[in-house]
Structures are given as C-alpha cells and as structure tokens.
Amino acid sequence: MSRFPKDFLWGGATAANQCEGAWNVDGRGPALTDVTTGGTVSEPRYITYIDKDGNPGKYSRMGGRLPEGAKYAVLDGYHYPNHEGIDFYHHYKEDIALFAEMGFTTFRMSISWSRLFPNGDEETPNQKGIEFYRDVFKELRKHNIEPLVTIWHFDTPLYLEEHYGGWKNRKLIEFYDRFAETCFREFKGLVKYWLTFNEINNTVMFLNMFGNKASDEMYQSGYQQLHHQFVASAHAVKKAHEIDPENIVGCMICGITFYPGTCDPKDILLNRHTWEQGIYYCGDVQCKGKYPTFANRLWAEHNVKLDITEQDLKDLAEGCVDMYTFSYYMSTVVTTHEIKDMVSGNFSAGARNEYLKYSDWGWATDADGLQYYLEMIYDRYEKPIMVVENGLGAIDKVEEDGSIHDPYRIDYFKVHVDAMAKAIENGVNLIGYTPWGCIDLVSAGTGEMRKRYGFIYVDMDDEGKGTMARSRKDSFYWYQKCIKSNGDDIA
Ligand code: BGP
C-alpha cells in the first residue's frame, strides 16, 4: 500500500508574471512587476518612476513608496526581468511536454490579470488573452494534466495601482469580481481547481516580521486591503460554484512554521500570537467565513478601524473556500529575548535555529516544520489540503556535457515528501503537491534567475542573456521516479 492516496495530484507550480514574459504582447497591459528591477539577496528590487518634474527615480520595494505626483515608468539603463520571464508565452507546448514526461498530473499556473483586462477596469476582456490561456489549458488536458489556477498572483494591473490606489480602494473588489467571473465562464470545463489570492497573508504578516518597524498607518492600510481581498475571494467562491458546481476553490496562504526561541512562557505566548497574526487570521476568515475573536486584539494593537459592512460579513460567511492550500519553504523562530544571531532571507526574518541548515538566501530547510504545519492546519479546518509551493532556491552549475547535478535539491525534496507521507499517516487529508518553480523562473523576492528552483533548467541569466533553451537536471529524473511510484520510491 502506497503512503499517498491513489489519485494524489503530483505536479509543479509557476506564476504568470515570473514565467510568461511577453509583457507587452497581444494587448497585455503592465503590472507592478513590469516596473520592478532585478535585485539580489542583499540589494532590494526597485520600482521605477518619473517624478512630477519629469526626472527618473526609483524606490525600494521593501518599504518605499511612490512620491506624490510621480508616475510608474520603465526606464532606460535598468533590467526588468519579468518582461521576458522564461518566455513561457511562446514555449508552453515544449514546457508542458516536459512536465508530462515527468509524469505531472497537475500543473499550477496563474492568469495575468492585465493580459485579460489590460487596465483592470474594462467591461470586456482582451480576446487574445483568453485565447492564450484556453490554448494552454487544452494543451495540459491533452497530456492529462489537471490545471490548478491562481487568479491573483501578485500582479494587479498597474493602471489600478495608479488610478485607484490598488487594494486600498473598495472598487478593486468589483474589478476582481469581473476578472474572476470571466475566468470561470471562459474556462468552464477546462479548469476545475482555483485559488483566489496567492499568499494573501503576506500583506500583514511581513509587517510584523521585520522588527515592529511598521507604523500604525501601514497596519491600517494592510488590514483594509486584506479585508477587500477577503470579500473579493468570497465572491469568487460563490460565483465559481454558481457557474460550475464542479469547481473547487481554495485559499492560498504563505505557510511558515513559527517556533518559540525558548521555553519562557512569554516566548510561548508570543509564538501563539505570531501564528494568529501571520497564519490563522487569513485562514480563519477564508475557511470559517468570519473574523476570529483574536482579530479584535490585533486591530487594537495598531489602532486599526476597518470599514466592514453588514453585506461584507454576509458575503464572507457565504464564501468559505473548499480547500486550504499553502506554500511552505521554511520555519522561523520568534522570541522576546535578545536575538544574538539574526537570519534574514528575502522574505523572512527571525532568530537563527541552530538545529537547521540555511540556503544561500537564508531560508531554513525544515521538513519537520512541514509535517507540523500540515497537522496543525488540518486539525483546525478539516478541509482537504494541498502544498502548492515548496522547494529550494539554489545556484546550479551546467557541466561541459550539459548535465546539471543538483543533489542538494533532491535531498530537500526527499525529506519534504517523507514529511507529507507522515502527515497523511497521521490523518491529514493531503490531496496534492506542486513544488515551486518546477521550471526555473524569475525569483519573486530578488528578481534573480540564478536563484533556481526547477527540475528543468532554463538558459537565462540575471542580465537577461541566454538562449532560453530548456534542459533536464538530475532532479528531473528523481521527481519522475517519485511520481511514478506515487511517492514511494524517493531514494
Ligand atoms: C512565494 C511566491 C512565489 C515564489 C516563491 C519563492 O512567496 O508565491 O511567487 O517566487 O515564494 O520565492 P522567491 O522567488 O523569492 O525565491
């Protein structure tokens, strides 16, 4: 008997803005990622603009903001890695064939909002965009691969950011509703698994993680944006079910396992509150359809007063998700004591855990943390779960003969697959696994290409030089074997 259920979904995950490229092709409008430069683990990505006097400028994506009167702009002399991505737009047939060769039964991808609605507030969609995704879904189905589609993956159309102030504005709910409904109608029968918002909890979780530097105003804005996204997500769930009762819709949470740094009861309590703020806050609203009791404490801590209508509360209650999905890369440590050794990767910060190993980008490899997370969450919501992102960002070397040996990646996956099997043995209803960046793509955090996650290598570097040729890494064959044996042969 296999440790994984018979119809367990094995696959990989990507996001439109990080892989499609073709940023201004066939009527697509720009997104914020198109005015975002490349960075590194120590140098932030910048967002570029022209100020009100016509001078070019940039601000850091980690905490900066667009100056009054400035307009987002693509400037000469900067490299914008998301413009080309890995050109999945033109390579999707070849890429899907490689996924099929590995044995994928599912593939997670996202729909670029501005490819369907270039500005975001149009009444009708861009037909070229619809055609592209329809072709991709058909291609997947041809290979018996079930699409798993994220509706929003960090790519609100730039026009909505500039003219409406982004998700702070309640109007965005209406625009997202139209976008989501268009997807459900146009791709009915082709797509059944949907995720409403990628890593929805990032907005407020990271405000807390960087040493309480965020102002009350930032919390106010973060929680209000989140509220609008919760309502939009609830609408999407209802609409998806109405259009096709076969549709299965999930939330998507950035899953980090938090540990207390010591057994000081103050650390234990801080750890619990960190789970509440970072992880449970969003999961509870999306899975249970209402704000948890501790939300009042979180809002009071930062003087947050939310605009929530009676209708919103009704919508949240009626729009609970069908499944819980999350990304999982690492765990982190929180403590009330002085931190002597701080780790900080591009999206993480916390005390160093002496029991764990860290990647070149400061992310802790912790498979037990995945088992812990799965068991905690399943116990809380008792809904089917999927791990829709997991993996190791690493630098790969291409040998003279073209081969790529990545034993570090295989080791990472072995322990995580084993952790999932253990969680299943303990009763968790885990239904699928889609490792992140199954084909190398642009890093969301740093914009680098050299932070590679793939089983498939893409010949492209951080300066945008390369042939875009695809090749199989050693991990490609390992994952193929893993899938073929339904997770049993992971040696
Ligand atoms: C998650 C995002 C992905 C992805 C991944 C890896 O936060 O959902 O879009 O990129 O992290 O992060 P990075 O690309 O920064 O290594």
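**Helix packing and ligand surroundings**

Val 204, Met 205 and Asn 208 of helix α7 are in contact (heavy atoms within 4.5 Å) with Gln 277, Gly 278 and Ile 279 of helix α9. By class, this contact comprises 3 nonpolar, 3 polar and no charged residues. Ala, Val, Leu, Ile, Met, Phe, Trp, Tyr, Cys and Pro count as nonpolar, Asp, Glu, Lys and Arg as charged, and the others, Gly among them, as polar. The model is predicted; local features need pLDDT of at least 70 and side-chain atom pairs pLDDT 80 or more, whereas totals for chains, interfaces and linings use all residues. Residues are numbered from 1 along each chain as its sequence is written, and side-chain values use heavy atoms, without hydrogens and water.

Helix α7 spans residues 202-209 and helix α9 residues 265-288; their axes come within 9 Å and cross at roughly 175°. The two helices are therefore roughly antiparallel (angles over 145 degrees) to each other.

The ligand is surrounded by 15 residues (a heavy atom within 4 Å), the closest being Gln 18, Glu 199, Ala 444, Lys 451 and Tyr 453. This shell divides into 6 nonpolar, 6 polar and 3 charged residues. An oxygen atom of the ligand lies 2.5 Å from a side-chain N or O atom of Tyr 453. For His 153, the corresponding distance is 2.9 Å. The protein buries 99% of the 380 Å² that the ligand exposes when taken alone, with accessible areas from the Shrake-Rupley method and a 1.4 Å probe.

Conventions. Polar contact = N/O pair within 3.5 Å; in protein donor to acceptor, adjacent residues only side chain to side chain. Axes fitted to C-alpha atoms, helices over the stretch in contact; angles between N-to-C directions. Helix = DSSP H or I, 4+ residues; strand = E, 2+ residues; numbered from the N terminus. Parallel < 35°, antiparallel > 145°, perpendicular 65-115°, else oblique.
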